[in-house]
Amino acid sequence: MNSMKKYYLPILILLFLLSFTAILFAQDTVSIYFLDVGQGDASVIISSSGYVAMIDSGPNEKLILNHLKNLDISHIDLLIATHAHADHITGMDKIIAKYKPRAFMDPGISHTSLTYIRMINAIEKYNIKYYQSTARKIQLGLMNFSILPSANPKIYVSELNNNSVVIKLEYKNFSCLYTGDIERGRENQLVKISSSNLESDIIKIPHHGSSTSSNSAFIKKVNPKVAIISCGQNNRYGHPNIKTLERLEKNGIDIYRTDINGTILINTDGYNYEIMVEKSLSSKISKKVININLATLEDFIQLLGIDEMIANNLLLYRTLNNGFKYPEEIKMVLGIGVWEWEEWKEEGWIIVVK
Ligand SMILES: [Zn+2]
C-alpha cells in the first residue's frame with residue numbers, strides 16, 4: 001500500500017501542474033475595446049489575468065455606464081482622463097463612485113466645467129490615489145503602461161488638447177499608442193523627445209482624426225499597422241479630416257473608425273492580434289494579424305493552404321535566414337506561392353514582420 005502511494009503521488013502532482021500551466025497559457029491574452037461612444041473617446045483594456053484599465057469615458061454618461069455593464073466590468077485598476085474636455089470625461093464621477101479605481105491619472109490641468117469639477121470631487125470623496133501624468137511606467141500584471149513625457153515647455157495653443165496624457169501600452173511584443181487629442185505642437189515635441197519610444201502596432205489617432213493632428217513626421221515615427229479613429233457619425237467638426245485619412249492610407253495603414261465600425265475590439269496574445277468590429281461596410285468583419293517572425297507552427301497552420309509540412313518549411317526558412325525581412329518574402333518558402341498570398345489577403349489576414 002505504501003509503495004502505491006509513493007508511486008502515484010508524484011504523477012498526480014505532475015498532472016495537476018501540467019493542466020494548471022496549460023490553463024494559464026490558454027488564457028494569457030489582452031482585449032482592448034475602443035467603444036462606440038459617438039463624438040468622443042473611450043477605451044477599456046482587460047487582461048485575462050483580471051486587470052482592467054480605462055482611458056477616457058466619452059461624451060455620454062448613460063452610454064459609457066451601459067458599455068461597462070455589458071463588458072461585465074467589476075473593478076477598474078487604472079483610470080486615465082487624457083484631458084478635461086467633456087467628450088473624454090463625461091460620467092467620470094459616476095464611474096469613480098461605482099468602480100472605485102485603484103488609481104486615477106490626468107494631466108493636472110484644471111477646467112471650469114461642471115463635468116471636470118464633479119470628476120475631481122469624486123476623486124477626493126472616494127479617496128482615490130491620484131497621479132499626475134509625468135513620465136512614468138505603470139505595471140498591471142504583464143501589461144506595461146508607459147506615460148510619455150508631458151509637454152515641455154508647456155504648450156499654450158489648444159492647451160487642454162496638446163497637454164493630453166499620451167500612453168504607450170505594451171504587452172509582451174504588442175503595443176498600442178493612446179494620444180488623447182494632441183495636436184501638431186505636442187506631436188513635434190514627442191518626435192524630438194521620445195522618438196525611439198513611439199513605434200507601435202496600433203495607434204488611437206489623435207483628436208478624432210482632425211486636420212490639426214497626425215502630421216507626417218509623427219505618423220512615420222509611430223509606424224503603426226492599424227489606426228483607430230474614435231468619432232461620431234456625421235459629427236459637426238467634420239472628423240476625421242480627409243487629408244488625415246489620405247495620409248494614413250498613403251502610409252499603408254489600415255483604418256478602423258467607431259463612426260463606421262461601431263465598437264472595435266482587438267484581442268492579442270502579445271505576439272499576434274485580431275481585430276473585430278461591431279459593424280462593417282464590407283463583408284469582412286474581422287482581420288487577423290500574424291507576425292511571421294514570431295508565429296508558431298500552430299499559428300502558421302491557421303493560414304489557408306499551410307499544412308504541417310509547409311509550416312515546418314516556414315520555420316526552417318526563418319531559422320536559416322535569420323527571420324523574414326519583409327512580409328512578401330514568405331512566398332520564397334517551398335509550398336507557398338502567389339495563390340496562397342492572395343487567398344490570405346482575401347480572408348483578411350495581415351502579414352507582418354517585426
Ligand atoms: Zn476630443
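This is a predicted model: local features need pLDDT of at least 70, side-chain atom pairs count only at pLDDT 80 or more; totals for chains, interfaces and linings use all residues.
Reader: Which residues of α4 are buried?

Author: A residue is buried if 20 or more other C-beta atoms lie within 10 Å of its own, with C-beta atoms placed from the backbone. In α4 (residues 92-99), Met-92, Asp-93, Ile-95 and Ile-96 are buried. Seen down the axis of α4, they fall within an arc of 165°, so they line one face of the helix. That arc is taken from the directions from the helix axis to the C-beta atoms.

Reader: What do the buried residues of α4 pack against?

Author: They pack against β3 (52-57), β4 (78-80), α3 (86-89) and α5 (114-125). Contact means C-beta atoms, placed from the backbone, within 7 Å.

Reader: How do I read a sheet?

Author: Strands of a sheet pair through backbone hydrogen bonds, either parallel or antiparallel. Two strands count as paired if DSSP finds at least two bridges between them. Here an open sheet of 7 strands has the order β7-β8-β9-β10-β11-β12-β13, with mixed pairing. Its edge strands are β7 (136-140) and β13 (254-257), each pairing on one side only.

Reader: Which way do the side chains of β12 point?

Author: In a regular strand the side chains alternate between the two faces of the sheet. From β12 (residues 226-229), Val-226 and Ile-228 point one way, Ala-227 and Ile-229 the other. All four are buried.

Reader: How many bridges join β12 to β13, and how many pair β11 with β12?

Author: β11 and β12 pair in the parallel sense over 3 bridges. Ile-203 has Ala-227 as its bridge partner in β12. β12 and β13 also run parallel, joined by 4 bridges. There, Ala-227 has Ile-255 of β13 as its bridge partner.

Reader: Which helices link these strands, and with what handedness?

Author: View the strands pointing away from you: a crossover is right-handed if the path from the first strand over the helix to the second runs clockwise. β11, α8 (residues 216-222) and β12 make a right-handed β-α-β unit. The chain then crosses from β12 through α9 (residues 242-250) to β13, and this crossover is right-handed.

Note on methods. Residues are numbered from 1 along each chain as its sequence is written. Helices (H or I, at least four residues) and strands (E, at least two) are DSSP runs, numbered from the N terminus. A residue is buried if 20 or more other C-beta atoms lie within 10 Å of its own, exposed if 12 or fewer, and partly exposed in between; C-beta atoms are placed from the backbone. Two residues are in contact if their C-beta atoms, placed from the backbone, lie within 7 Å.
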